[in-house]
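Welcome! Here is a short tour for anyone meeting this structure for the first time. Take a look at it, and then read on.

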Amino acid sequence: MGKSVFHLGASVAKIFLVLPHQQIESKLQAAVRLVLPDAEVSAVLVRPCDPKFGDYQSNALMSLAKMRKLNPRQLATDVLAKLDVSEVCEKIEIAGAGFLNFRLKTALLAQTLEAAACGEHLFFGKAAQPRTVVIDFSSPNVAKPMHVGHIRSTGIGDALQRSLRLLGHRVISDNHIGDWGTQFGKLLLGWKQVLDRPALEHDAIAELERLYKIINAECDANPARLEAAKSELVKLQAGDAENVGIWKEMIALSQKQFDAIYGRLGVKFDFALGESFYNPWLGEVVADLLTRGIARESEGAVGVFSDGSLPPKEDPFLVNRDGEWVADPALVRKSDGGFNYMTTDLATIDYRLKTWAPDEIIYVVDDRQAGHFKKLFLTFARWKAADATKTKLVHVGFGKIMDEDGKPFKTRSGDTVKLGELLDEAEERAYKIVSEKSAELPEAERKEIARVIGLGAVKYADLLPNRQSDYIFSWDKMLALQGNTAPYLVYAYARIKSIFRKSEAESASHNPQSAIVLVAPEELTLAKHLLNFGITLEAVAEELRPNYLCNYLFELAGKFTSFYENCPVLKADDAATRASRLVLCDLTARVLKQGLATLGIETVEQM
RNA sequence: GCAUCCGUAGCUCAAUUGGAUAGAGCGUUUGACUUCGGAUCAAAAUGUUGGGGGUUCAAGUCCCUCCGGAUGCACCA
């Protein structure tokens with residue numbers, strides 16, 4: 001768990017080179033095994049810690065001691081007797097109730113940075129045991145504009161797929177597009193009766209949205225219209241040529257919109273298998289569930305009911321009404337014969353398992369659907385018990401976006417904010433700021449900087465808060481140049497780049513082979529923080545929380561700034577110091593760029 | 001009604017999931033420009049982690065309870 005190693009290409013004799021904390025960790029685990037042969041050492045980890053205690057600490061011995069009723073400090077002493085990390089660390093301290101504090105040797109720190117400077121690694125390694133992970137995210141609906149609600153799923157999902165890929169996992173990203181369902185009855189009716197062709201050609205999504213709103217309102221008021229819409233849907237589902245043709249055209253028009261937005265956001269999917277893809281299997285799924293007695297008929301519909309294996313409080317198939325626990329089934333077939341999204345989702349899991357045999361499927365979907373996923377996962381486990389043990393199903397939920405009054409984020413007129421328009425506004429606002437601060441740059445360059453900063457600001461603001469909580473959308477905060485924002489981080493990067501421009505102008509370009517000399521406290525602090533990039537990436541991949549990376553990068557920028565203020569680079573006292581500091585600058589820039597890229601955020605060389 | 005999630009500095013949020021003295025940014029106050037990008041930096045003040053109880057070497061984190069908020073509860077997804 002959390003272990004990773006570097007692959008050094010053709011080098012056979014020395015296949016693995018581990019980062020200092022990994023060496024400490026593996027030697028510590030070996031020492032624990034010597035003292036407690038039957039101990040489970042996978043939880044024996046070291047973590048970066050408060051510098052007043054050391055560079056890394058382990059608190060694992062305290063819980064081991066507790067389980068065995070040993071004196072934790074005595075256990076620590078015994079383990080230390082078997083532990084030799086003298087190549088990596090200064091003397092290890094036992095502190096507090098039984099913490100182990102490790103302090104890195106400066107020479108080893110410098111060596112690690114030198115290897116990074118020569119391109120051997122960038123402070124992270126490929127996972128020792130790569131996992132196959134399906135990530136399901138974004139999932140927009142056909143015939144509807146993408147809106148703010150899609151930012152979170154798309155941004156978090158993309159950051160997760162990038163993080164997992166960087167660590168060497170096999171990722172299959174799949175956009176489960178909403179291209180099937182009851183809304184198409186209304187859309188088809190609208191298309192046939194009130195379609196405005198020129199409007200469709202001008203702005204297809206807006207026209208489709210208009211159709212839907214008209215028919216939807218009519219259906220609410222008039223049952224006959226609702227029947228008409230339903231019959232269009234039945235015809236579509238029966239394969240009626242005209243309706244299928246219209247449906248396909250609606251999908252194609254929507255796909256153009258999706259492609260445009262994903263292009264701007266730089267988000268790519270390996271697959272976009274929409275709901276309709278699973279249509280052929282839905283009947284079989286329900287039949288199989290019925291045969292196995294997992295689902296049964298009720299009030300004309302077919303649903304999965306509680307099997308009584310969980311206490312009522314924890315059973316998602318039960319709900320308490322007026323003090324009594326009553327059934328709250330997961331419907332897999334409606335009384336009119338149509339299928340529900342539960343059915344599609346079951347077929348989807350089944351398909352993914354058969355096709356990719358993933359270790360894990362991750363759904364990046366709004367927290368409001370937590371109940372649905374609970375039912376889905378439990379139903380699947382009952383349906384395909386053997387498969388379910390091989391694949392972990394995870395719902396990565398997230399909160400809502402609120403406005404500055406704490407209400408759901410809407411336009412002034414109360415409509416949902418369209419994603420395309422939001423991105424336009426981000427770029428416009430960024431352009432205004434860039435033009436104000438850097439009027440001397442040519443317009444095309446200011447536009448490009450504004451694009452990177454504007455989109456980056458929106459993405460970063462979305463990734464920074466802990467994903468489970470709601471967050472408040474604020475243009476001023478996300479676009480601010482001070483504070484934990486994308487513009488600040490990109491600025492930090494650009495500032496480093498300017499040092500290199502200047503250095504080259506002085507025809508004294510930087511040599512990555514230079515020896516690293518770490519003397520000033522700011523140099524040491526920065527160097528140690530660089531080493532923690534990989535630990536952070538692993539934490540992101542493990543906990544599925546990109547905000548860890550945001551905070552790491554912000555701290556990196558802060559530690560760099562403090563170095564920059566206190567340690568002259570180009571004006572260093574001697575050539576060796578100057579060369580060493582240039583390497584530190586270069587490594588910081590590379591980690592910043594790689595880190596931001598992992599969040600799906602671009603950088604600019606100048607701003 | 002029941003369930004789930006949440007409540008942390010004036011504001012917006014962290015806290016690597018049970019670790020040491022709860023941290024940032026904004027805002028406020030004060031200071032630093034002939035010095036590598038001032039779109040910057042440094043320093044200061046700010047807390048009964050909603051209240052109460054419990055579990056243990058250790059609780060913002062786990063358990064119970066109360067208060068407050070959000071969300072979800074049969075044929076939409």
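Is Glu523 buried or exposed? Glu523 is buried, at a relative accessible area of 1%, where buried means under 20% relative accessible area, exposed over 50% and partly exposed in between, with a 1.4 Å probe and protein chains only. This is a predicted model, in which local features need pLDDT of at least 70, side-chain atom pairs count only at pLDDT 80 or more, and totals for chains, interfaces and linings use all residues. Residues are numbered from 1 along each chain as its sequence is written, chains are lettered from A and ligands numbered from 1 in the order in which they are written, and side-chain values use heavy atoms, with hydrogens and water left out.

**The whole chain**

- Chain A has 22 helices and 18 strands; these are DSSP runs numbered from the N terminus, helices being H or I with at least four residues and strands E with at least two.
- The C-alpha trace of chain A spans about 85 × 70 × 50 Å along its principal axes.
- Of the 607 residues in chain A, 50% are buried.
- Among contacts in chain A with a separation of 6 or more, 72% come from residues 24 or more positions apart; contact means heavy atoms within 4.5 Å.

**Domains**

- Chain A is assigned domain 1 (4-104), domain 2 (132-178 + 275-398), domain 3 (183-265) and domain 4 (419-598), with bounds from an automatic or database domain assignment.
- The centres of domain 1 and domain 3, taken over C-alpha atoms, are 61 Å apart.

**Around Glu523**

- Glu523 belongs to helix α19, which covers residues 521-531.
- Besides its neighbours within four places in sequence, Glu523 touches Val517, Leu518, Phe563, Cys567, Arg581 and Leu584.

**A pair of helices**

- Two packed helices are described by the angle between their axes and the distance between the axes.
- For helix α18 (residues 486-505) and helix α22 (residues 575-598), the angle is about 145° and the axes are 10 Å apart; axes are lines fitted to C-alpha atoms, for helices over the stretch in contact, and angles run from 0 to 180 degrees between N-to-C directions.
- Residues of α18 in this contact include Leu489, Tyr493 and Phe500, and those of α22 include Arg578, Leu592 and Leu596.

**Aromatic residues**

- There are 22 aromatic pairs, counted when ring centres of Phe, Tyr and Trp (its six-membered ring) lie within 6.5 Å; planes under 30 degrees apart are stacked, over 60 edge-to-face and the rest tilted.
- Phe137 and Phe269 make a tilted pair, 4.7 Å centre to centre with 35° between the planes.
- Phe137 sits in the loop between β8 (132-136) and α5 (149-166), and Phe269 in the loop between α10 (241-265) and α11 (279-291), 132 residues apart.
- Phe137 is buried, at 0% relative accessibility.
- Trp281 and Tyr351 form a tilted pair too, 5.9 Å centre to centre and 40° between the planes.
- Trp281 is in helix α11 and Tyr351 in helix α12 (residues 341-356), so this pair ties together parts 70 residues apart in sequence.
- Trp281 is partly exposed, at 32% relative accessibility.
- One aromatic cluster is formed by Phe271, Phe277, Tyr278, Trp281, Tyr351 and Trp356.

**Two alanines with positive phi**

- Ala143 is not a glycine, yet its phi is positive at about 70°. Ala143 is in the loop between β8 and α5 and is buried, at 2% relative accessibility.
- Ala357 has a positive phi near 45°. Ala357 lies in the loop between α12 and β15 (360-364) and is exposed, with a relative accessible area of 54%.
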